Amino acid sequence: MENTASRLPQRFHDLDWVRVIVTINLVPFHVAWMITSVNGFSFVMKGTITWRILHVYLNFISPLHMFMLFIVAGSSVFISLERRSPRRFIIERVKRLLVPLFTFMIFLFPLLGYFWPSDLATSEFNYFTQFWPWCLMTTFYSEITGGPNWAHMWFVAYLFIFSIILLPLFIRIRATGRARLEAVTGFFTDRKGAIFLAGIPIAMIFAGLSPVWPFFRNNLYSDWGYFTYNMAAFIFGFIIAGDHKWADAIKRHTVISIFLGVALSAAKLFMENKAGSFSTPAYTPRYVLFSLVAGFNTWAWAIAILGLASRTLTFENRFLRYFSRISYPFYIFHLVVISVAGHFVKNMMLGIVWEFLLICLVTFACCIISCDLVKRTRATRFLFGIKGR
């Protein structure tokens with residue numbers, strides 16, 4: 001028991017670093033995505049070398065970054081249930097997830113939508129008397145968004161749903177004790193290389209659900225493929241936090257995971273860009289092969305990232321303490337700021353490199369300032385899910 005307890009602080013720091021790094025990376029990721037994929041956001045020339053580099057970066061990160069956030073979130077749920085009763089856990093989920101979600105949908109989504117590039121000439125509408133009321137009336141379903149007006153806050157909505165529907169399972173796992181959990185998952189942690197077989201469920205989700213429900217819709221109404229994909233990550237996070245053998249197994253397989261991730265990423269990118277018939281969702285042998293590559297690629301990189309964090313990021317410093325506290329409001333603000341900044345920067349015609357860098361810098365600066373402001377009062381801390389005083 002002492003050996004297990006001695007590992008916990010390091011694992012907590014590892015997870016904090018992963019969450020912070022992934023959250024920070026969302027800024028360049030979403031700037032690159034909007035420049036290359038959102039019509040009207042940028043006037044840069046498509047198909048250039050820099051544009052292709054950003055596109056490859058997007059293809060590599062897309063299936064992974066939110067997967068990692070859900071793993072960290074699942075681990076946090078295990079820790080939370082160690083400290084809270086189920087009733088207090090649900091209350092905490094409402095305060096930390098639902099309140100910020102509705103804060104965004106009521107106050108910040110209208111601002112994001114007003115500056116979002118679209119065929120709707122929003123400048124012709126008065127923001128307060130016309131556009132904002134229209135957003136409020138379509139809060140839970142809009143034909144433009146194809147779902148609720150939650151934009152990137154779909155992550156928070158899904159996280160709340162996962163927490164509630166999986167709570168009975170998690171309580172059951174906790175009640176049976178860690179020894180029972182270790183007995184169930186010991187096959188993956190005790191045998192060399194067996195940990196990679198945990199990627200099979202991810203590959204099965206790709207192969208079985210994405211032909212019917214394509215990934216990345218994020219609207220809940222027709223997103224059951226990506227919904228299940230992220231729920232699997234959430235469950236993995238809970239299991240990893242509950243059994244210290246997973247941390248040891250991940251550490252042992254870090255190096256081979258990196259090589260495996262590089263090889264599978266190359267194969268996946270080739271299938272997506274040079275052999276599109278493989279990556280087109282359908283019930284075909286080619287897509288089954290692509291699903292195996294994509295599923296094991298995601299899992300290999302998840303092991304690699306967690307393993308590298310456990311080897312190198314076992315410390316805490318002022319930056320981690322500061323950013324851990326503001327990472328949630330930073331996440332809430334970042335896409336809003338990108339939308340507003342891009343609206344003005346695109347007219348400068350700076351070229352893709354300088355436009356990308358300028359929007360990223362403006363977004364970081366404005367998000368830090370916004371986070372510093374909202375953490376100053378009790379009311380805004382409550383609205384944006386910031387813990388503590």
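The legends below describe an overall view and several close-ups of a predicted model.

**Figure 1. Overall view of the predicted protein chain.** The protein chain contains 17 helices and zero strands. Its C-alpha trace spans about 65 × 55 × 40 Å along the principal axes. The radius of gyration is 21 Å, which agrees with the value near 21 Å for a compact globule of 389 residues. Of the contacts with a separation of 6 or more, 78% join residues 24 or more positions apart. Buried residues account for 51% of the 389 residues.

**Figure 2. Surface and charges of the protein chain.** The side chains include 36 positive and 17 negative ones. The centres of these two sets lie 4 Å apart.

**Figure 3. The largest nonpolar core.** This core has 120 residues, and F70, F104, F155, F234 and W299 have the most contacts inside it. Helix α15 (residues 318-345) supplies the largest share of the core, with 14 residues. In soluble globular proteins, nonpolar side chains tend to be buried together.

**Figure 4. Surroundings of F155.** F155 is among the residues with the most contacts inside the largest nonpolar core. Apart from neighbours within four places in sequence, F155 is in contact with M66, L69, F70 and Y331. One of these partners, F70, is also listed among the residues with the most contacts in that core.

**Figure 5. Helix α6 at I165.** I165 lies in helix α6, which covers residues 154-165. The relative accessibility of I165 is 46%, so this residue counts as partly exposed. When residues up to four places away in sequence are not counted, I165 touches F227 and M231.

**Figure 6. Helix α9 and its cover.** Helix α9 runs over residues 200-209, and its buried residues include I202, A203, I205, F206 and A207. The cover over the buried residues of α9 includes α3 (65-83), α10 (224-242) and α14 (285-312). An α-helix has 3.6 residues a turn, so residues three or four places apart point the same way.

**Figure 7. The loop between α9 and α10.** F216 is not a glycine, yet has a positive phi of about 70°. L220, also not a glycine, has a positive phi of about 70°. With a relative accessibility of 42%, F216 counts as partly exposed.

Key: Residues numbered from 1 in each chain as written. Predicted model: local features only at pLDDT ≥ 70, side-chain atom pairs only at ≥ 80, totals over all residues. Heavy atoms only, no water. Helix = DSSP H or I, 4+ residues; strand = E, 2+ residues; numbered from the N terminus. Rg over C-alpha atoms; globule rule 2.2 N^0.38 Å. Buried < 20%, exposed > 50% of the residue type's maximum accessible area, 1.4 Å probe, protein only. Contact = heavy atoms within 4.5 Å. Areas by Shrake-Rupley, 256 points an atom, 1.4 Å probe, with all protein chains shown as cover. Lys, Arg positive; Asp, Glu negative; His and termini not counted. Charge placed at Lys NZ, Arg CZ, Asp CG, Glu CD. Core = buried A, V, L, I, M, F, W, Y, C linked by side-chain atoms within 4.5 Å.
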